[in-house]
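Open the model in your viewer and keep the selection tool at hand. We will go stop by stop.

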Amino acid sequence: MYVKDSMSINPYCVSPDTSVSKALDIMSMNNFHRLPVVDEEGNLLGLVTEGIIAESSPSKATSLSIHEINYLLSKATVESIMIRDVMTISPDALLEEAVLKIRKNQIGCLPVLSNKKVVGIITGNDLFDALVNLLGYKVKGSRYVIKIDEDKTGIIAKISTCFANNNVSIENVSTFRGQRGIEIIVVTSDKNFEVMKTKLVEEGFNVTSAIEI
């Protein structure tokens, strides 16, 4: 999977002379948490976020009235507070690269650039959605977890053949390596999981879970 498969296309952007209060209004009305700041040609200049605005706003201990605070926010521009050194990514980058960049740098999003222009934005929520899709969790059918002792050549083929021989169509296959060892997760469109579980066990597979999803 690539970044372009999961990113939000043509995200809402603001110009550097947009007031901070206007940026807040845009984020509030559209349930955004950050906005790319671009020039007239769509080239990325920076990023403004709710967190940056909060850090740049007068503290709760200020003697300023709410009207004075709103006035200051209406006069300040996003250019004066935006993040300038923005981590970005290409639409053709692997989705795994986006995950690693977001996690390593502890950031909430990555503007997606093509020829220096903003063509999308990918957030942590987009990556969660991609994970759900990758694991086939939204498929209506059955989910099998098969524990294997060794990830050897041909194991996926053997599992697939067992399903095919029982006329069950596989929708998703993934491998999980963790404290429990190696597990193959198979998602099918068939809901008769009890029968298929029995067939798998008869073929010598260690089925640790079989549920309807």
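Start with a definition: buried means under 20% relative accessible area, exposed over 50%, and partly exposed in between (1.4 Å probe, protein chains only).

**Ground rules**

This is a predicted model, where local features need pLDDT of at least 70, side-chain atom pairs count only at pLDDT 80 or more, and totals for chains, interfaces and linings use all residues. Residues are numbered from 1 along each chain as its sequence is written, and side-chain values use heavy atoms, with hydrogens and water left out.

**Stop 1: confidence**

Colour by pLDDT, the predictor's confidence in each residue, from 0 to 100. The chain averages 88, and 91% of the residues score at least 70. Now select residues 63-69. Here pLDDT stays under 50, and the model has six contacts beyond four places in sequence for this stretch; contact means heavy atoms within 4.5 Å. Where pLDDT is low, the predicted coordinates should not be read in detail.

**Stop 2: the loop at glutamine 179**

Select glutamine 179. It lies in the loop between E7 and E8. Helices (H or I, at least four residues) and strands (E, at least two) are DSSP runs, numbered from the N terminus. Is glutamine 179 buried or exposed? It counts as exposed because its relative accessibility is 90%.

**Stop 3**

Two strands pair if DSSP finds at least two bridges between them. Which order do the four strands take? The open sheet runs E7-E8-E6-E9, with antiparallel pairing. Its edge strands are E7 (170-178) and E9 (206-212), each pairing on one side only. From one strand to the next, the twist averages 15 degrees.

Walk across the sheet:

- E7 pairs with E8 (residues 181-188) over eight antiparallel bridges. Threonine 175 has isoleucine 184 in E8 as its bridge partner.
- E6 and E8 run antiparallel, joined by seven bridges. Lysine 147 has glutamate 183 in E8 as its bridge partner.
- E6 and E9 pair antiparallel over six bridges. Lysine 147 stands opposite asparagine 206 in E9.

Stay on E6 for a moment. This strand is mostly covered, with five of its seven residues buried.

**Stop 4: helices on the sheet**

Axes are lines fitted to C-alpha atoms, for helices over the stretch in contact, and angles run from 0 to 180 degrees between N-to-C directions. Two helices come next. The sheet's strand pairing E7 to E8 has eight bridges. Helix H7 (residues 155-165) packs on the sheet and touches E6 (142-148), E7 and E8; its direction makes about 35 degrees with that of E8. Helix H8 (residues 193-202) also packs on the sheet, touching E6 and E9, and its direction makes about 170 degrees with that of E9.

**Stop 5: a helix pair**

Select H5 (residues 95-105) and H6 (residues 124-134). They pack at an angle of about 135 degrees, with their axes 11 Å apart. That makes H5 oblique to H6: angles under 35 degrees count as roughly parallel, over 145 as roughly antiparallel, 65 to 115 as roughly perpendicular and the rest as oblique. Show the side chains. Leu95, Ala98, Val99 and Ile102 of H5 meet Gly124, Leu127 and Ala130 of H6.

**Last stop: tyrosine 2**

Go to tyrosine 2, in the segment before helix H1 (3-6). Tyrosine 2 is partly exposed, with a relative accessible area of 39%. Leaving aside neighbours within four places in sequence, it is in contact with Pro91, Asp92, Ala93, Leu94 and Leu95.
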